[in-house]
Structures are given as structure tokens and as C-alpha cells.
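I opened this entry to look up a few local features.

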Amino acid sequence: MVRDLAAGIVGLARRGHAWLNTPLPPPPATLRRGPLRRGAFESRLRSPRLTSLLGSALAVAFTVCFVTGLISHFIQHPPSWFVWPSRPVNLYRVTQGVHVATGLASVPLLGAKLWSVYPRLFGWPPVRNLAHMIERASIAALVAAALFQLISGILNIARWYAPMPFFFTAGHYWSAWLAIGALLTHIGVKLPIIRTALTRPTPDRVIDGGLTRRGLLGAAGAAAGIITLATAGQTIAPLAPVSVLAPRRPRSGPQNVPVNKTAGDAGVRNALFDPAYRLTVAGPARTVRLALTDLAALPQHTVALPISCVEGWSSIGTWTGVRLRDLVVLAGADPDDAEAYVESLEARGRYRATTVPPTHVRDPYTLIAMRLGGEPLHPDHGYPARLIAPNRPGVLQTKWVSRITARSAP
Ligand SMILES: Nc1nc2c(c(=O)[nH]1)N[C@H]1C(S)=C(S)[C@@H](COP(=O)(O)O)O[C@H]1N2
Ligand SMILES: [Mo]
């Protein structure tokens with residue numbers, strides 16, 4: 001009885017397996033045209049070795065890009081276990097510069113990689129069996145997610161949001177998980193092919209006096225290098241002259257610092273110069289309202305800190321103002337343990353407020369700055385007062401600050 005049952009199950013499994021692996025019939029002769037023609041793709045440059053080499057470079061670039069992107073996301077939306085230090089002051093500048101650079105360098109690598117395998121799109125039959133179908137679907141997900149990441153990232157650094165009818169940050173974040181998951185699956189499935197292709201080198205022949213494999217790899221690598229050089233100047237000042245692709249230059253903008261959103265864009269032009277302006281600091285013991293003269297009478301400090309935009313550009317400024325920890329103390333909070341909620345005069349806008357965690361409130365470099373390069377802040381840089389903290393994304397360096405609420409960290 002038990003034996004019959006077991007035999008039945010095994011038989012069913014066998015039949016299922018045979019069914020899953022039954023190939024579809026070959027294409028009718030009328031379909032053997034265009035890309036479905038036998039020998040439609042001639043280039044003998046294509047080989048598992050070429051694809052594996054390009055794929056390895058791409059896997060490294062994608063992994064670095066993913067990790068640095070995750071860091072940037074966690075700083076902006078910290079899970080409870082995540083702590084980002086306030087030093088070294090340039091760390092975020094580096095991680096985000098690397099994020100944007102590896103993303104951009106991936107463009108020619110992905111182009112070459114897709115070229116090396118796209119004839120497989122026209123393989124026949126399109127679906128051989130269930131396993132083959134799942135594999136093709138996972139590759140489709142990988143290609144779609146990779147293209148989406150590169151295109152949405154480039155649109156974001158170009159600040160061109162019209163083609164993106166979704167919130168960039170959320171789309172880019174969730175699609176990153178899809179891309180990295182599909183990439184791991186892909187590597188897992190192809191591992192035997194990759195291993196053979198990389199361990200048993202095949203000779204690199206000159207084909208019809210044309211390009212060699214080494215030549216093609218060199219060209220893809222050079223393109224990646226040129227793109228990196230042509231954008232790295234948005235954060236490495238000496239490279240700025242050759243950075244023809246960089247949307248921003250480190251020394252452009254008023255007071256030698258680029259501007260992302262102007263006072264006009266934020267709709268705060270009138271409020272800035274209102275003589276009734278007060279910086280409100282609320283805390284557990286009291287609420288104080290400070291006029292500009294009161295702020296100027298507090299101890300002033302000067303720090304050299306970068307604005308490091310998530311878009312990859314960065315620029316150092318010399319900022320002067322009062323320490324956030326001194327303001328927190330005025331309102332009766334513990335400066336070593338408080339977090340500060342900093343709000344802007346800007347009424348609406350995703351970046352009108354930010355929470356400064358205890359690591360950064362504590363840091364003596366964290367200022368509510370009133371001056372940049374020795375002059376009062378330009379209206380576009382956040383006059384009358386803005387937050388500037390070490391090792392933080394630019395998007396969290398709130399401009400036109402009007403209110404600070406100090407509370408003990410949860
Ligand atoms: N209130 C407010 N502050 C803001 C923003 C904003 O849109 N609103 N943009 C942020 C972004 S994205 C960056 S990169 C920095 C740029 O500062 P800067 O214009 O002085 O260079 O300001 C940040 N502060
Ligand atoms: Mo930014």
C-alpha cells in the first residue's frame with residue numbers, strides 16, 4: 001500500500017519532470033527570417049569569455065553602487081539599528097561620489113554586455129521548458145531593473161523629473177533590491193558557464209582584420225573611464241575643467257557653492273527679510289525666540305564643511321554660525337543625548353525639515369550657520385540661517401531655518 005503510493009508519487013514526479021523538459025517544436029520554415037535566420041548574428045567576438053569578463057566588471061560596479069546607495073538611503077531614512085557617524089566629515093562625499101561614478105561607469109559596460117548576449121533573444125524555441133522560462137523571466141527582470149536604475153539615476157542627476165511619473169527616491173530604492181536580487185540569481189544560474197569561461201582562456205583571434213576581444217574590452221573600459229573623468233569634476237575640483245558631462249561644478253553658484261533650490265523656487269523670498277524673523281528653539285525646559293542680533297551675540301564658530309548632494313556633486317564652504325548643541329542647551333535639552341528637529345521657512349517641499357540625530361547634535365562642527373565665506377549667507381544658500389553638519393547628505397542640510405525642536409532621542 002505504502003509502496004504503491006510511493007511508486008505513484010515517483011511516477012507522477014517523473015512524468016512532471018519529463019513534461020517540464022519537453023522542448024517546443026522547431027519554428028516553421030516561414031519564421032526563419034530576419035533575426036531568426038540561421039547565422040543571423042555573425043560576430044565571432046561574442047563568446048562566453050567576453051560576456052563573463054564584462055559581466056564580472058558589471059557585477060563589481062553594481063555591487064559597489066548598491067552598497068553605497070543603501071548607505072545613502074539609510075542615512076536619509078534610518079532604521080532603528082542604523083547609526084551614521086559625523087566623522088570623517090568627507091565620508092558621505094566619498095560614498096555618494098562613488099555611488100554616482102560606479103552607476104555612470106556601468107552604462108558602457110552594460111551596453112557592451114547586452115550586445116554580447118542579445119542574439120539569444122532570438123533563440124528558438126523562445127521557451128524550451130519551465131526551467132528555461134523561469135530563467136528567461138529572471139533575465140528580463142534583471143535587464144529591466146538595471147536599465148531602470150541607470151536611466152532613473154541619470155535623470156535624477158540631470159534634475160529632469162518629467163519622464164519619471166513616480167517619486168524618484170522610492171522607485172530607485174525598491175528597484176535596486178530587484179536588480180541586486182536578479183543579479184545574484186543570474187550569477188548563481190550561470191556560475192558553471194562563468195567558471196569555465198574565466199578559467200579556460202580561449203585564444204583572442206583577430207577576426208577579418210577587425211576588432212579583437214581585448215580591443216572591445218579596452219574600448220568599453222575606456223568609455224567607462226572617460227565618463228567617470230567627465231563627471232568626477234563635480235566633486236573633485238581639479239577635474240572640473242574636463243568634466244564636460246557634470247551637471248554641476250564645485251565652484252559655481254553664489255559664494256562659490258552650487259545651489260540646488262533657490263529662495264525663489266522655495267517661495268521664501270519675502271519671509272527671509274521680514275524684520276519679525278525669529279529663530280524659535282523649543283526644548284524640554286523652555287522655548288526661546290532669537291532675533292538675528294541675538295544669534296550674532298552667541299559664541300560664533302567657523303568650520304570648513306562640504307555640501308555633498310545626493311546627485312554626486314559636492315563643494316566645500318567656510319561656514320560661520322552658532323553650534324547646534326549650544327542652541328539645544330538654551331532650550332534645556334541634554335546636548336549629548338538630544339536629537340533636533342529642524343524646520344524651514346519653506347512652507348511645503350519634501351526637504352523643508354530634517355531630524356538631526358544625537359551623533360550630529362553633539363558634534364561641535366554642526367552649526368546653524370549665518371555666514372558663508374565670511375559674508376552673510378546668500379538668500380539661495382539659506383539666509384538668514386541654515387543647518388550645516390559634517391558627513392551628511394546635502395538634502396539634509398536644511399536652508400532658511402525657522403524652528404528647532406530639541407527632544408531626547410527615542
Ligand atoms: N529648506 C530646504 N533646504 C534645502 C533644500 C530644500 O529643497 N529646501 N535642498 C537641499 C539640497 S538637495 C541640497 S544639495 C542643499 C544644497 O545647499 P546649497 O544650495 O546651499 O548648495 O540644500 C538642501 N537644503
Ligand atoms: Mo541635494
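My notes on helix packing, ligand contacts and backbone geometry follow.

**Model.** I am working from a predicted model.

**H2 and H6.** I started with helix H2 (residues 48-76) and helix H6 (residues 213-232). Their axes come within 11 Å and cross at roughly 20°. Angles under 35 degrees count as roughly parallel, so H2 and H6 are roughly parallel to each other. I noted the crossing of H2 past H6 as right-handed. Then I listed the contact residues. H2 supplies Arg-49, Leu-50, Leu-53 and Leu-54, and H6 supplies Arg-213, Leu-216, Leu-217 and Ala-220.

**H3 and H6.** The axes of H3 and H6 come within 8 Å, and the crossing angle is roughly 155°. Over 145 degrees counts as roughly antiparallel, so I put H3 and H6 down as roughly antiparallel. The crossing of H3 and H6 is right-handed. From H3, the contact takes in Ala-101, Leu-104, Ala-105, Pro-108, Leu-109, Ala-112 and Trp-115. From H6, I wrote down Leu-216, Ala-220, Ala-223, Ala-224, Ile-227, Thr-228 and Thr-231. The class count for H3 with H6 is 12 nonpolar, two polar and no charged residues.

**Ligand 1.** Which residues come nearest to ligand 1? Of the 20 around ligand 1, I found Pro-258, Glu-346, His-381, Arg-386 and Lys-399 nearest. I then looked up polar contacts. An N or O atom in the Lys-399 side chain is 2.5 Å from an oxygen atom of ligand 1. Gln-397 places a backbone N or O atom 3.0 Å from a nitrogen atom of ligand 1. For Ser-344, a polar side-chain atom lies 3.3 Å from a nitrogen atom of the ligand 1 molecule.

**Backbone.** Most peptide bonds are trans, and most residues other than glycine have a negative phi. I searched for exceptions. Arg-87 and Pro-88 are joined by a cis peptide bond, with omega about -10°. Pro-384 is in the loop between strand E8 (375-376) and strand E9 (386-388). Asn-391 is not a glycine, yet I read a positive phi of about 55° there. I placed Asn-391 in the loop between E9 and strand E10 (401-408).

How values were computed:
Residues numbered from 1 in each chain as written. Chains lettered and ligands numbered in written order. Predicted model: local features only at pLDDT ≥ 70, side-chain atom pairs only at ≥ 80, totals over all residues. Heavy atoms only, no water. Axes fitted to C-alpha atoms, helices over the stretch in contact; angles between N-to-C directions. Helix = DSSP H or I, 4+ residues; strand = E, 2+ residues; numbered from the N terminus. Parallel < 35°, antiparallel > 145°, perpendicular 65-115°, else oblique. Left-handed = near helix turned anticlockwise from the far one by under 90°. Contact = heavy atoms within 4.5 Å. Near = heavy atom within 4 Å. Polar contact = N/O pair within 3.5 Å; in protein donor to acceptor, adjacent residues only side chain to side chain. Nonpolar A, V, L, I, M, F, W, Y, C, P; charged D, E, K, R; others polar.
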